[in-house]
Amino acid sequence: MNVEIGALIQKDFGQKILDAMHDFKGVQSITLESGRSSDLFEEKQFGEFGEASILSIIAEKDSKDKIFNAVYKLCELHGKRSGIVYMTPEFLSS
């Protein structure tokens, strides 16, 4: 069983998470895309929009909480409006 841990975060945190989670135990895959958001971030580089990273991690269920907490801390979500992170219910991978 696996879960997806996803995040919409400020662009600066995307590469930081990719580097930190690359060899993290329990991470089966990780993808990172770029985009813009108008509502989540304090910092807005383009008028009403801020640069964003869109992160998706497929994680083993036994490691999901540790990975989720690591992403939360790396994004500094405990003290900044730098994005959101979520976790799906468990699913079977094929």
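Biologist: Which residue just after α2 takes a positive phi?

Modeller: Glu76 does, at about 60°, where helices (H or I, at least four residues) and strands (E, at least two) are DSSP runs numbered from the N terminus. This is a predicted model, in which local features need pLDDT of at least 70 and side-chain atom pairs count only at pLDDT 80 or more, while totals for chains, interfaces and linings use all residues. Residues are numbered from 1 along each chain as its sequence is written, and side-chain values use heavy atoms, with hydrogens and water left out.

Biologist: Which residues of α2 are buried, and why do they lie on the same side?

Modeller: An α-helix has 3.6 residues a turn, so residues three or four places apart point the same way. In α2, Lys64, Ile67, Ala70 and Val71 are buried (under 20% relative accessible area, with exposed over 50% and partly exposed in between, for a 1.4 Å probe and protein chains only). They share one side of α2 because they cover an arc of only 135° around the axis, taken from the directions from the helix axis to the C-beta atoms. The face turned away from that buried side carries Lys66 and Lys73, which are exposed.

Biologist: What does Met21 touch?

Modeller: Nonpolar side chains in soluble globular proteins tend to be buried together. Leaving aside residues up to four places away in sequence, Met21 touches Val27, Ile30, Ile57, Ile67, Ala70 and Val71, contact meaning heavy atoms within 4.5 Å.

Biologist: Which strands does β1 pair with?

Modeller: Two strands pair if DSSP finds at least two bridges between them. Strand β1 (residues 2-10) runs antiparallel to β3 (residues 50-60), with 9 bridges, and antiparallel to β4 (residues 83-87), with 5 bridges.
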